[in-house]
Amino acid sequence: MSIPANPSSFDVVIIGAGAAGLFCAGIAGQRGQRVLLLDHSAKVAEKIRISGGGRANFTNLDVGPRNFLSDNPNFCRGALSRFTPRQFIALLQRDSIGFHEKHRGQLFCDRSAEDLIDLLLRECAAGGVVRWQPCAVREIRASADGPARYALATDRGEVQARSVVIATGGLSIPKIGASDFGYRIARQFGLRTVEQRPALVPLTFDERHWEAFAPLAGVSLPVDIATGEKKARTSFSEDLLFTHRGLSGPAVLQISSYWKTGTPISVDLSPQTALQPALQDAKATSRRLLGNVLGEHLPARLATAWTAGDAAWQRPANETADKALAALAASLHDWRSVPTGTEGYRKAEVTAGGVDTRDLSSQTMESRQAGLYFIGEVVDVTGWLGGYNFQWAWSSAYSCAQALAA
Ligand code: FDA
């Protein structure tokens, strides 16, 4: 670790030692910048550690602006093409870190997310990055132009720097260090922010639904899920999971990022089988109860609970009226319900909204306030489930680090 000539003076101070902060620090340090990286938590990168079930879904083979939400959907384009998934994969290969594709291009570490954290820490060490943890920043002041444009009051005294990078992430999972620091700093310097909300989060329902959901808790099945009308309609084909009080699973997490309070979601619970002809066939050939027939196409618990919802569906298939069969099929292909809300930041994987991209350069991540940069989740760029949020952290960090060293 190299010690700067004046121990309280750096080229750049990066606040937040998560995915984006660590990656940016390593690159900037290796390109000759004197970097101080600080975090108010004692441990680095807690979110990498718990991500992907402990194996970190660190990128996706197929990444483009369509996989992100933002008030400016094109903002992320430049950074994503400047530093691609292939470039991040090359780093893992260089260090012989095993990884595998799990589902639709999602890449996970073979062994543990710790391998990824160790890689990022090695990059920082190679760049002579100075790390202070735990260390909170109480205040950031912009001084007159010059080599030290910023003065930061920290738990370990005052430091000066030419540039400050905010990499403090979003609001999800406060118990492992999430804070609104980044948004506060943006507002302090007159930058706009897009309202924040929990995203990639389970949806909740009112008490009337709980009775219906309770016996289904744990049932999981592939669905098509959609929300929004006309041009604003968004849909995903993924697995849905029933919980005691609501809905979760990849399908619901994905759609939650697009769902607007008070609006319905619609779910096709049998996207691969057209149920009406299947039920009509059964009517012609079977005396079994409709619930049992349906159990050939859906998880048995769901089939039983669903047919219990109407007396006309509790009969043998051959005795059920065509109209009742059609209504049953329609109810399963277009199940509409209005969530009451989400599980909130306690359970959300990410925060949608953030520092408004209109006040940031898509080339460098520098804000309208010269020398002040924002990278990672704190920016109003939110990825789908599937490794996209980490890729945004790597790509935005890389653009910023290049600019710092230029
Ligand atoms: P990140 O949150 O990683 O880091 C922010 C850092 O800033 C933290 O270390 C924090 O302590 C620090 N900080 C905050 N406030 C501060 C302050 N006031 N002063 C000093 N330091 C401060 N994504 C993905 O692509 N694949 C996946 O598998 C998963 N899985 C996943 C699981 C779970 C449970 C969660 C909660 C999230 C994910 N994600 C994910 C999302 C992903 O973890 C997230 O988008 C990135 O970690 C964002 O990287 P950042 O560096 O921007 O923030």
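Trainee: Where does P134 lie?

Mentor: P134 sits in the loop between β7 (130-132) and β8 (137-142). Strands are DSSP runs of E with at least two residues, helices are runs of H or I with at least four, and both are numbered from the N terminus.

Trainee: What kind of peptide bond joins Q133 and P134?

Mentor: A cis one, with omega at about -10°.

Trainee: What should I know about the model itself?

Mentor: The model is predicted, with local features needing pLDDT of at least 70 and side-chain atom pairs counting only at pLDDT 80 or more, while totals for chains, interfaces and linings use all residues. Residues are numbered from 1 along each chain as its sequence is written, and side-chain values use heavy atoms, leaving out hydrogens and water.

Trainee: What is the average pLDDT of the protein chain?

Mentor: The average is 95, and 97% of the residues score at least 70. pLDDT is the predictor's confidence in each residue, from 0 to 100. Residues 1-5 stay under 50. For residues 1-5 the model has 9 contacts beyond four places in sequence; a contact means heavy atoms within 4.5 Å.

Trainee: How many helices and strands does the protein chain have?

Mentor: It has 13 helices and 21 strands. The C-alpha atoms fill a box of roughly 90 × 45 × 35 Å along the principal axes. Among contacts with a separation of 6 or more, 72% join residues 24 or more positions apart.

Trainee: Why is S399 called buried?

Mentor: Buried means under 20% relative accessible area, exposed means over 50%, and partly exposed lies in between (1.4 Å probe, protein chains only). S399 has 1% relative accessibility, so S399 counts as buried. S399 belongs to helix α13. Leaving out residues up to four places away in sequence, S399 touches A79, R82, Q363, T364 and M365.

Trainee: Is R86 buried or exposed, and what makes it count that way?

Mentor: R86 has 57% relative accessibility, so R86 counts as exposed. R86 is part of helix α4 (residues 85-94). R86 and L61 are 25 residues apart in sequence, and their C-alpha atoms are 7.7 Å apart.

Trainee: Why does G353 count as buried?

Mentor: The relative accessibility of G353 is 3%, so G353 counts as buried. G353 is in strand β19 (residues 350-355). Beyond four places in sequence, the contacts of G353 include V194, E195, Q196 and E377.

Trainee: How many residues of helix α8 are buried?

Mentor: In α8 (residues 249-256), 7 of 8 residues are buried, and the helix is mostly covered. Among them are G249, V252, L253 and I255. The buried residues of α8 pack against strands including β11 (193-199), β13 (220-227) and β14 (234-242). Over the whole protein chain, buried residues make up 55% of the 406 residues.

Trainee: How many residues surround the ligand, and which are the closest?

Mentor: The count is 29, and the closest are A20, D39, S179, E377 and F390. A residue is near a molecule if one of its heavy atoms lies within 4 Å of it.

Trainee: Which helices each supply at least two residues of that shell?

Mentor: Helices α1 (19-30), α2 (46-50) and α13 (388-405) do. The largest share, 3 residues, comes from α13.
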